[in-house]
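Here are a few friendly notes to read alongside the model. Please keep the viewer open as you go through the points.

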Amino acid sequence: MNDAAEKKLALSHFWVAFAAFILACFMGEYQVLERSGFIPALESAPVYFASVSTHGVLMAFVLTTFFIMGFGYMVAAASLKQPVWNKPLAWIGFWVALVGVVLAAIPLLTGKASVLYTFYPPIVAHAAFYIGATLLVVGSWVWCVIMLMTFNQWKKANPGQTVPLAMFATAANAMLWLWASAGVALEVLFQLVPFSLGWISTIDPGLARTLFAWTLHPIVYFWLIPAYTAFYVFVPKQAGGYLFSDEMARIAFIVLAVFALPIGFHHLYMDPEQAQGWKLLHGIGTFVVALPTLVTGFTVIASLEIAGRLRGGKGLFGWILSLPWDNTMVLAVILSLLMLIFGGFGGIVNASYAMNAMIHNTAWVPGHFHLIFGGTTIIMYFAIAYYLWPILAGKPLFSKPMALTQLWLWFIGMVILTTPWHILGLLGQPRRISSVVYNNLLTLAWKPYELAMIFGGLVLLGSACLFIYNLVKTQLNPVSEDFAETIEFAEQYHAPASMPDYLNSLGLWNKVIAVLMAISFGFPILQFFFMKTFGSSAWGY
Amino acid sequence: MQTEFSKGINIIKDLCVQFNTIHIDPLERKWIAISLMIVGLFVGIITIDALFHGINPPSKVETIDSASLHLSQEFAEDNLGVQVDDKGAVIIRMVAGRYSFFPKHVDVPAETPLTFRWVSMDVLHGVHIPMTNMSTMIVPGYVAEISTTFPKPGEYPLLCNEYCGLGHNHMWSNISVIAKEDWHAPVKSHVKGEQQ
Ligand code: HEM
Ligand SMILES: [Cu+2]
Ligand SMILES: [Cu+2]
């Protein structure tokens, strides 16, 4: 099959993603410097918050969305061995999303949208910011439709056959994202856009926060699923082994997609506008969604063990040493799992009611998500890029040692950046502050940790630059005629005899989600229309 | 109705049958059992804490018009700060507004159950007393009520912990926690009969 068109599509998406990424990394380093107050000349709250807002939007919305879209197109073409459905539409989706990013970037960079990536009215930004964000989401919906159409097309053409795991996961992610983005879409379309244009004079911040919380949890899994997909479909082969269990992988993806959605209130634990029974319900769901991650950890480690033993590793832990540590995918997955273990402990603290009160909105929180999102997830984005770039560009990777160094540096930098960040949170430092002016002894203890963060950020920035340099150099390599690598998917350790329909299609799970969402968000949203509420008028910042 | 119901039962039956056809490695079965136990343990702890020990986050769902707090009885300027109600409960009413907490300073007793009632007069804020569980979001339009006890006397900072504008980091004040014996209810308390 000639998949040149899909390759071009994927590569274009990836370039937008990583351009946003490198820009945002420079901003991240500026932010740790500014916050620390070590360079008085840098100090400026307006610049700082324009930067944090842009950094957050670029990392959380632009890098991720474009990466996931590009990855999906490539996975569909390679795993199904059929063209992606309606490529002209895919290009429309790309351009709509890109125009949205540019439209949002203008107010962001000029300080007219310093409302941070979470919006949180009644502070309002320039309308272009919300409209741009909407276009980005609309572009991603186009991708969702294309993924689900391609999935269905293949199933029709291959009745009774098992959809390849990579595509199953990607389609599940498309379904997840359609559901997840509905919350923020309602907020933006019915509250923020009309509010910022002055069409309505007040909005209810409680309702806005509830709708945002609808999106805020599952969006994390939207970002994470490509990383998990790589765990299951690339890692075992790259390590020289087999996928331990295809069925368990499907179950993990389904539980992720289903239970990531109805649990967003753990972001509202400390909020007055939702009652405790609903918080408890969402809190329980939050722990349930830890299950697929535990299963994934097991399957990945089991797959690695098979590989290590096939390569001659002996003893309880000997197989770890005989893994190909010089394979970028394998190294990345090991580092990613390490960060997941650290981050997982933090997550348990966040998810637990009583402990959450100690760290809510402290520096602990950005520390936690830089580790698990910037670390666990993004390091797999790197590994996928290293794996796919030569295939997409038709040229060998510029430098593998550089890639390995880069991955190590990212891990080390993340540890140096996020460990002090967590400690600062425990020492009471609030998140989202541009400098420390509290006239209090407590803040003296914060200084050394802020210094360490500057250093960690520097290591990360260096790593990010190496990453981009390697990709650019690869792209600029002369085309080599004899370069014919293709995507190789992991084979299964014991191939399933037959795949039950429930693990091969999404229809049933879509209905389950609808029921769970109605239960967990129905009343909490409707209450705003039944009780006497008082809207807030718009505020600048 | 009958057919709908039996259709539903059939789907579930079918699901069970199909579910049992999949292959799960014995080791993996064990791991899943362990995972379920871990998750069950955590869920059990927070549920029991919530239902029997009353450990719940602030969740009162009480609305208020943030635009006219001064007209409200409760949060009019004269009523802010510490009061002891007629049942002897210590209630602290505070207003958050860019960029401070009002009143600027309050004295509260240690080792005494305290009820804080927070409202915002403008945008979203959060308040946290570091290293304690006195933490809540303050959402305009709602009263955030939280009950806690401070075991140790001392001077504690109150920090705003949600971005509320460019001066967010300037938004803080202090609270003094005073040994129980040394603390006296403020004179203006509406304690019936005791008022001098
Ligand atoms: C070069 C490395 C990086 C440094 C030094 C850095 C630093 C920072 C800093 C100082 C903040 C402000 C946090 C606060 O005010 O509480 C921030 C926010 C943020 N960072 Fe990073 N960051 C880096 C990389 C990343 C990566 C790789 C991601 C994710 C892919 C990421 C995602 C975010 C997000 C979403 C926010 C917004 C948080 C908010 O609005 O509260 N960052 N970063
Ligand atoms: Cu969440
Ligand atoms: Cu504030």
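1. In this predicted model, start with two helices of chain A: the axes of H9 (residues 246-259) and H18 (residues 507-530) come within 9 Å and cross at roughly 30°. Angles under 35 degrees count as roughly parallel, and H9(A) and H18(A) are therefore roughly parallel to each other. The crossing of H9(A) past H18(A) is right-handed.

2. Which residues make that contact? From H9(A) come Ile254(A), Ala257(A), Val258(A) and Phe259(A), while H18(A) supplies Trp509(A), Val512(A), Ile513(A) and Leu516(A).

3. Next, have a look at the iron atom of ligand 1. Its protein donors are the NE2 atoms of His55(A) and His370(A), lying 2.0 Å from the iron. The site is octahedral, with angles of 86 to 179° among 6 donor atoms. This pair links distant parts of the chain: His55(A) sits in helix H2 (residues 45-80) of chain A and His370(A) in helix H15 (residues 364-393) of chain A, 315 residues apart. Both histidines, His55(A) and His370(A), are buried.

4. For comparison, the ideal angle for four tetrahedral donors is 109.5 degrees.

5. His125(B) belongs to strand E7 (residues 125-128) of chain B, and Met171(B) lies 46 residues apart from it, in the loop between strands E10 (154-160) and E11 (172-178). His125(B) and Met171(B) are both buried.

Conventions: Residues numbered from 1 in each chain as written. Chains lettered and ligands numbered in written order. Predicted model: local features only at pLDDT ≥ 70, side-chain atom pairs only at ≥ 80, totals over all residues. Heavy atoms only, no water. Helix = DSSP H or I, 4+ residues; strand = E, 2+ residues; numbered from the N terminus. Buried < 20%, exposed > 50% of the residue type's maximum accessible area, 1.4 Å probe, protein only. Axes fitted to C-alpha atoms, helices over the stretch in contact; angles between N-to-C directions. Parallel < 35°, antiparallel > 145°, perpendicular 65-115°, else oblique. Left-handed = near helix turned anticlockwise from the far one by under 90°. Contact = heavy atoms within 4.5 Å. Donors = N, O, S within 2.8 Å, 3.2 Å for Na, K, Ca; no water. Tetrahedral: all angles 85-135°; square planar, octahedral: opposite > 155°, others 65-115°.
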